[in-house]
Amino acid sequence: QVQLVESGGGLVQAGGSLRLSCAASGSTDRINAFGWYRQAPGKQRELVASISSSGSTTYADSVKGRFTISRDIAEGTVFLQMNSLKPEDTAIYYCNVNIRSPYSWWSSANYWGQGTQVTVSS
C-alpha cells in the first residue's frame, strides 16, 4: 500500500542543477531511511545518497560536495539537490524508502519509486 511519487528529472546542461523530489504515502510514520539510487545503461544500480531516521547522511564519492539529500519527516518526502551536474551523472534515478513493520521491530521492507530520467548534456 506504500506508494512513492517522484518528480524533478529532466534534461540539463553540464554545470546546471536539478532538484528531485520523492513523496511517500501510506506508512510515513514508520520510515527508517530514505535513499536515492541511480542506474546508468550497462551498469549496476548504485547508491547516490541516503539519509537515516536520525538525519545522518551518506554520499557516493562521485557526488559528494555537489549533491545534497534532505527530507521532510512530517510529509514523508525526500529531496536530492543536484548541483554542478556532469554528463557522468546521466542515469535513471530511483527513490527508495525503508519502512519498518508495525508488528516487529526487526522486520522492514523496501519500496521503490518508478524512476526518473536525468540527462546531462556536455
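A salt bridge is a side-chain nitrogen of Lys or Arg within 4 Å of a carboxyl oxygen of Asp or Glu. The model examined here is a predicted one.

**Exercise 1.** Are Arg 38 and Asp 89 buried or exposed?

Solution. Step 1: buried means under 20% relative accessible area. Step 2: Arg 38 has a relative accessible area of 6%, so Arg 38 is buried. Step 3: Asp 89 has 1% relative accessibility and therefore also counts as buried.

**Exercise 2.** Which residues are linked with Asp 89 in a network of salt bridges?

Solution. Step 1: Asp 89 also meets the side chain of Arg 66 in a salt bridge, at 2.8 Å from N to O. Step 2: this pair again links distant parts of the chain, as Arg 66 lies in the loop between β6 (57–59) and β7 (67–72), 23 residues apart from Asp 89. Step 3: both Asp 89 and Arg 66 are buried. Step 4: the network comprises Arg 38, Glu 46, Arg 66 and Asp 89.

**Exercise 3.** Describe the salt bridge between Arg 30 and Asp 29, and state how accessible Asp 29 is.

Solution. Step 1: the closest N and O atoms of Arg 30 and Asp 29 are 3.8 Å apart. Step 2: the relative accessible area of Asp 29 is 62%. Step 3: exposed means over 50%, so Asp 29 is exposed. In total, the structure holds four salt bridges.

**Exercise 4.** What surrounds Asn 96?

Solution. Step 1: Asn 96 is placed in strand β9. Step 2: with a relative accessible area of 6%, Asn 96 is buried. Step 3: a polar atom of the Asn 96 side chain lies 3.4 Å from the backbone oxygen of Tyr 111. Step 4: leaving aside neighbours within four places in sequence, the contacts of Asn 96 include Leu 4, Phe 34, Tyr 37 and Trp 112.

Note on methods:
Residues numbered from 1 in each chain as written. Predicted model: local features only at pLDDT ≥ 70, side-chain atom pairs only at ≥ 80, totals over all residues. Heavy atoms only, no water. Buried < 20%, exposed > 50% of the residue type's maximum accessible area, 1.4 Å probe, protein only. Helix = DSSP H or I, 4+ residues; strand = E, 2+ residues; numbered from the N terminus. Polar contact = N/O pair within 3.5 Å; in protein donor to acceptor, adjacent residues only side chain to side chain. Contact = heavy atoms within 4.5 Å.
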